[in-house]
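Take a look at the model below. Keep it in view while you read, and find each part as it is named.

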Amino acid sequence: MSDQTTAIQITGISKNFRGTLRGNEVRALVDVSLAVNHGEIFGLLGPNGAGKTTLVKILLGALRPSAGTATINGHDITTAAARGRVGFLPENHRFPPYQTGLQMLYCFGGMTGMSRSEIRVKADGLLELVGMSQWRGTRVKKYSKGMMQRLGLAQVMLNDPEIVFLDEPTDGVDPIGRHEIRNILLDLKKMGKTIFLNSHLLAEVESICDRVAILDRGKLIKTGPVAGLIDVRPAYRIETTGLNVETAQKIQDVYPGAIIDDNRIRVTFDDPLQVNGLTDLIRECGVSLISVTPEKISLEESFMQLIRESKQHE
Amino acid sequence: MNKFRAILYDSFLEIKSGKMLYLYGAVMLIMVLIFILVPSIKINGENLFESGILSPGMITRGMAHFFSGFWGFALFLMVFGSAWLLPAYLGKGRIELTLSKPISRMKLLSMKFATVFLVKISILALMSIIIWLAIALRLGAFSMQFFFGLFFSFLVFANIYALVFFIGVLSRSGALAVMGYFVIKFSTDLLAGRELVYGFLGDSSWKTVLDTAYQILPKIGEMDDNYISLISGDGFTNTYAIWTTLAFSAIIFLLTLLIFHRRDY
Ligand SMILES: Nc1ncnc2c1ncn2[C@@H]1O[C@H](COP(=O)(O)OP(=O)(O)O)[C@@H](O)[C@H]1O
Ligand SMILES: [Mg+2]
């Protein structure tokens, strides 16, 4: 424990995968640096293929970085000690199909150094917590995706970890399961655990994360608190009748961000008062307005916007 | 210790769930039945094993031949039974969680090897001892030298498994591991008779190539020669095959650890 406040310190991590063809290397991560504090819920957000799984797999020793270093609890990730007080729920995991839920806890719990009696004491409560008590004696191969995810979460908490890594924990889980998983994460947060959450769903991270980093095609675009990360700009939905092509073209020229579909216009402004300019323009062209409805741009859309902007900058 | 026990438990569960166990059981049952029935065979109205036609020495020798064949066959089955274990262990979605546990990769793979080895030789020992007991009780031939043979079969299995393990880590395919094993076993069995073709090879560099290949490769077929002499009480006959095979296995085991240590999963 060199640094008491930093749970995870990532310094200049890059990862290149050799492609199937010669020369077509995949740059899955490009010089990623970030720090996660103790007790923090940290969300790593990005579209599919951004490199989130790659980063977590590097931290937990499944992948070797092409460059850079990282520490967990002050231990270099190349040492087994870094994985000592850690829980991990991998993406698309397949637990050994021949094990029952309880046997799975014995096997993976034992590998963290726990004794059988320690596991026995904790397993009951955890299986109860994730709602898997009645399936404890059933083989994993008969589990649904949601059941696997619940068992996976019980496994994550088994060794009382300080830091928990979750890679798309609600993937393939039904809405009720999602809600329950979210509650479990909130419980973990109350217990003071550090959580590193990978997700491609903004809604999933915004409700529970303290801080978020956005990753796109291997690069960190932004890091910060959820609120400040994504600016919520006012948007308006305008309905007209008889919107002709020329008027639509004029609107598009003045407001390049406007989305025009038949008689409906959707546009985002930096300042809410700008909507007056647009309605004036529409009237000048002799088109009648039916309604002007203000609308809050959703976080999801701002997130997509941010990703689009980062693409344009290249 | 807890970590080793957890990995042992996992290996045990996985081997227990496989269909191979039924096959081992069936083979053992057939052998036991044969030895229960064979002594009832009558020659000229006299029971074969009570007539004194067969001396105890002959029975021991017969037993040596039997077990030599039996272990050859049982280990052949075990190649099939164990080749897919490691590729399955390293499968996508399964190995990531294992690697995230606080165990170094070298230790993890060594423990995986050791635990599969322990479970497999326990099965082998159980099958062999039950058959041995059937023979001993029915024929009255309590050959304690059988145990030398049994321990030696463990050693042979360790060598076979090191090879299958190596190809399993390298290719992540159980089928390739089985094929690789047979290709190597077959080539060394052929190479053992390389002197037969020396006459046709005028060029001496060919002899050097064949000779070197023979020296380096594991001689699993030839190791089997030792079973008969061990049970008959004559000690080892082919120690050269043993040492060179052990050296080969030790080197590929280290190589397996190194490859595993650097791999991305
Ligand atoms: N083992 C691999 N070999 C080659 N390319 C890979 C491998 N793993 C991931 N990638 C590539 O790296 C990029 C990042 O993938 P990943 O980390 O899984 O993204 P995410 O988890 O954000 O969806 C993708 O383009 C993916 O195709
Ligand atoms: Mg992913």
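**A walk through the model**

Buried residues make up 51% of the 265 residues in chain B. Here, buried means under 20% relative accessible area, exposed means over 50%, and partly exposed lies in between (1.4 Å probe, protein chains only). This is a predicted model, in which local features need pLDDT of at least 70, side-chain atom pairs count only at pLDDT 80 or more, and totals for chains, interfaces and linings use all residues. Residues are numbered from 1 along each chain as its sequence is written, chains are lettered from A and ligands numbered from 1 in the order in which they are written, and side-chain values use heavy atoms, with hydrogens and water left out.

Stay with chain B. Its secondary structure comes to 13 helices and two strands. Helices (H or I, at least four residues) and strands (E, at least two) are DSSP runs, numbered from the N terminus. The C-alpha trace of chain B spans about 70 × 55 × 30 Å along its principal axes.

Now turn to where two chains meet. Helix 2 (residues 101-110) of chain A packs with helix 1 (residues 2-17) of chain B at an angle of about 140 degrees, and their axes are 7 Å apart. Helix 2 of chain A is therefore oblique to helix 1 of chain B. Angles under 35 degrees count as roughly parallel, over 145 as roughly antiparallel, 65 to 115 as roughly perpendicular and the rest as oblique. Axes are lines fitted to C-alpha atoms, for helices over the stretch in contact, and angles run from 0 to 180 degrees between N-to-C directions.

Which residues make the contact? From helix 2 of chain A come A:Gln103, A:Tyr106, A:Cys107 and A:Gly110. Helix 1 of chain B brings B:Asn2, B:Lys3, B:Ala6, B:Tyr9, B:Asp10 and B:Leu13. Contact means heavy atoms within 4.5 Å.

Next, find the magnesium ion (ligand 2). A:Thr53 (OG1), A:Glu91 (OE) and A:Glu91 (OE) coordinate this ion at 2.0 to 2.8 Å. Donors are N, O and S atoms within 2.8 Å of the metal (3.2 Å for Na, K and Ca); water is not among the atoms, so sites may look incomplete. A:Thr53 lies in helix 1 (residues 52-59) of chain A and A:Glu91 in the loop between strand 6 (86-89) and helix 2 of chain A, so the pair ties together parts that are 38 residues apart in sequence. A:Thr53 is partly exposed at 21% relative accessible area, and A:Glu91 is partly exposed at 24%.

A:Asn73 is not a glycine, yet has a positive phi of about 55 degrees. A:Asn73 counts as buried, at 5% relative accessibility.
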